[in-house]
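This report is a first guide to one protein model. Look at the sequence and the structure below before reading on.

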Amino acid sequence: MNSRKQTDGIDNLAEFLDGRSFEVTLLKVLLENSREGVALIDWRGNIRRINRAFSRMVQQPHETLEGKNVLRLFPHGEDRALVEEIVETLWQDGYWSGSMRPWLNNQEKKSQELFLKISAILPANGRVRFFLCQLSETQAVGQPSAAIIDTGRDPLTNLASRSLFVDRLEQAISGAKRHNRSLGVLILDLDRFKLVNDSLGPVLGDEMLKIVALRLTHCLRTSDSVARIGADEFGMLLTDIDEGTGAVRNSGFVARKIYDALAKPALLGTQEVELSAAIGITLFPQDAQQADILMKNAETALDHARRRGRNNYQFFSSEMAETARKRFALESQLRHAMDHDELRLFYQPQVDLQTGRVMGAEALIRWFHPERGMISPADFIPIAEETGLIVPIGEWVIRTACRQIADWKAMGLPSIRVGVNLSALQFQRQNLIGIIQDALRETGIDPSTLDLEITESAIMDDVAKAVKTLARISELGVHLSIDDFGTGYSSLSQLRHFPFKTLKIDRSFVRFITENAGDKAIVNAIIAMAHSLDQNVIVEGLETEGQLAILRALNCNQMQGFLFSAPVPPDELTQMLRDGKCLPATMASPVAEDTGHPVGKESSPRRQDA
């Protein structure tokens with residue numbers, strides 16, 4: 001493994017590890033049988049591969065770790081100092097070693113002390129691409145090593161653990177093969193558990209898990225099994241169910257029975273909390289005949305159920321597996337998109353409805369894939385949010401937009417404000433303020449020319465924290481806008497506590513405003529309310545002259561939409577500013593539809609001016 005060909009420029013991890021050479025196969029066998037925990041982490045901190053020993057030591061299955069950020073092992077603030085020390089030492093010396101105690105399944109209890117070694121590996125063109133982590137169990141000097149005792153039970157709920165659940169599944173598969181019977185595997189994921197845990201505290205969060213565990217137990221026969229297999233995930237094994245369509249019918253019946261059992265709110269302390277969940281279902285032998293594949297299939301079905309909303313269950317299908325494969329491939333390519341300079345920012349002008357002049361623009365991300373061409377944000381933004389990639393992508397957007405503002409200033413062009421969307425995950429990060437400060441300091445722009453757009457849903461999970469964060473951003477002089485107003489669940493009484501200076505009305509209220517008096521009344525009320533709070537109002541998705549006439553009559557301040565311009569590359573907006581392009585008195589027909597979506601916004605088949 002000393003040749004340049006083997007060690008230089010290895011960017012495709014899957015290709016590297018999945019090679020069919022004898023050496024690579026032997027390496028994989030050695031890793032899986034090693035008593036030392038081994039993990040491969042990329043330079044962004046995402047866990048790419050782990051072996052069984054690593055999974056056992058941190059007591060988390062590889063399915064919940066691989067593809068996720070390493071910070072998943074350090075969810076509590078008290079460990080962030082250690083993380084910062086590790087990162088700083090790695091980038092300076094390329095090596096770090098020391099002791100750690102990872103948290104168990106994001107709960108309040110820590111595991112035993114472990115010894116960790118991290119080394120930078122695989123330099124490509126002078127840039128570190130991956131880090132090798134080696135984890136071993138430490139012991140007091142002079143004391144014998146204590147064996148790890150696995151009782152097979154979750155200490156909180158007294159349900160079976162994940163390892164015991166898999167053992168039972170393997171035994172059930174053997175019995176089902178002998179008797180030619182079907183099995184059902186269900187994986188349930190609680191909705192909003194983290195919100196409950198953060199807002200009500202871990203003690204009541206634990207109480208919620210106990211309540212759910214008890215209700216699930218009552219939904220199953222004594223011959224079936226239920227286990228807690230993750231922080232807020234439960235597995236259920238249905239044995240000896242009918243073959244063929246009967247297996248589907250019986251599994252679906254159990255899923256509906258579970259939803260009925262969870263329908264009653266849980267009393268946590270003095271507060272009633274609604275329970276809801278997503279469920280993924282797979283069947284033996286229809287879908288697979290191995291325990292690990294059945295578990296994977298159930299997780300895939302669960303992922304599809306999550307995307308369909310609360311209280312939804314989905315059966316696994318081969319189409320789901322193909323979709324998951326494509327999503328994983330797209331995720332792998334997205335991880336390299338920034339490195340390969342494939343991401344671009346387009347800008348959609350925002351126009352003053354009184355003067356007709358361009359007053360601002362919204363920055364919208366585009367991914368130009370070298371082989372597939374432009375990939376719709378509707379396809380890659382959800383993946384970025386699920387994997388945490390939205391955080392580095394969002395940081396790149398902020399810095400790029402600030403540099404563009406500085407470029408326009410250097411050209412002597414009229415000053416405009418540029419809007420940048422913040423995702424909910426990005427807004428929750430503790431280093432957001434520092435990122436904004438760094439971008440402003442690096443570019444030297446007027447802070448008021450940067451407009452951060454935040455959706456209602458991103459700020460309503462923890463209002464008190466959101467108010468503090470937004471206040472700190474506002475103190476920097478940065479403009480703040482609430483985006484897609486009307487589509488979330490904010491309280492109008494709470495809205496006045498936020499330092500927003502602009503309110504953007506969602507396009508869904510404008511689409512039929514010329515023919516729907518109800519939409520017109522709603523928009524009129526929103527504009528009046530915003531003006532009473534001294535807020536500017538921008539309407540999105542303006543496409544026709546009729547819509548424009550109504551919005552002008554309602555005293556809306558600005559518009560954004562295809563009636564004036566589609567999102568354009570920076571050089572085209574530069575030319576607009578040089579030419580002083582304005583909104584004419586008589587408008588031509590609107591241009592064709594665009595399919596783009598801004599960073600952190602949900603997709604919609606009719607999102608025309610994103």
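## Cavities

On a 1 Å grid over the protein atoms alone, a cavity is a set of points where a 1.4 Å probe fits but cannot get out, and residues with an atom within 4 Å of a point line it. Grid points are joined across faces, edges and corners, and a volume is the space filled by probe spheres set on the points. The model is predicted, so local features need pLDDT of at least 70 and side-chain atom pairs count only at pLDDT 80 or more, while totals for chains, interfaces and linings use all residues. Residues are numbered from 1 along each chain as its sequence is written, and side-chain values use heavy atoms, with hydrogens and water left out.

A search of the whole structure finds 2 cavities of 30 Å³ or more. Two or more lining residues come from each of β5 and α12 (318–337); helices (H or I, at least four residues) and strands (E, at least two) are DSSP runs, numbered from the N terminus. By class, this lining has 2 nonpolar, 1 polar and 7 charged residues. Here Ala, Val, Leu, Ile, Met, Phe, Trp, Tyr, Cys and Pro count as nonpolar, Asp, Glu, Lys and Arg as charged, and the others, Gly among them, as polar.

The second largest cavity has a volume of about 30 Å³. Its lining is formed by Arg 44, Leu 334, Arg 335, Met 338, Leu 389, Pro 392 and Ile 393, with at least two residues each from α12 and α14. By class, 5 of the lining residues are nonpolar, none is polar and 2 are charged.

## Overall make-up and cores

The protein has 22 helices and 21 strands. Of its 610 residues, 49% are buried, where buried means under 20% relative accessible area, exposed over 50% and partly exposed in between (1.4 Å probe, protein chains only). Among contacts (heavy atoms within 4.5 Å) between residues at least 6 apart in sequence, 64% join residues at least 24 apart.

In soluble globular proteins, nonpolar side chains tend to be buried together. A nonpolar core is a set of buried Ala, Val, Leu, Ile, Met, Phe, Trp, Tyr and Cys residues joined through side-chain atoms within 4.5 Å. The largest one has 84 residues, and Leu 452, Ile 454, Ile 459, Phe 500, Leu 503, Ile 505 and Leu 551 have the most contacts inside it. Helix α14 (residues 390–410) gives this core its largest share, 10 residues. Apart from this core lies another, of 33 residues, including Leu 159 and Ile 279.

## Individual residues

Asp 154 is found in the loop between β5 (127–137) and α7 (162–179). Asp 154 counts as buried because its relative accessibility is 11%. Its side chain makes a polar contact of 2.6 Å with that of Thr 157; such a contact is a pair of N or O atoms within 3.5 Å, where within protein one must be able to donate a hydrogen and the other to accept it, and residues adjacent in sequence count only if both atoms are side-chain atoms. Leaving aside neighbours within four places in sequence, Asp 154 is in contact with Leu 159, Ala 160, Ser 161 and Arg 228.

Thr 574 lies in helix α22 (residues 570–579). With 6% relative accessibility, Thr 574 is buried. Not counting residues up to four places away in sequence, Thr 574 touches Trp 408, Met 411 and Leu 413.

Conventions: On a 1 Å grid over the protein atoms alone, a cavity is a set of points where a 1.4 Å probe fits but cannot get out, and a pocket is an open set with protein on both sides within 12 Å along at least five of seven lines; lining residues have an atom within 4 Å of a point.
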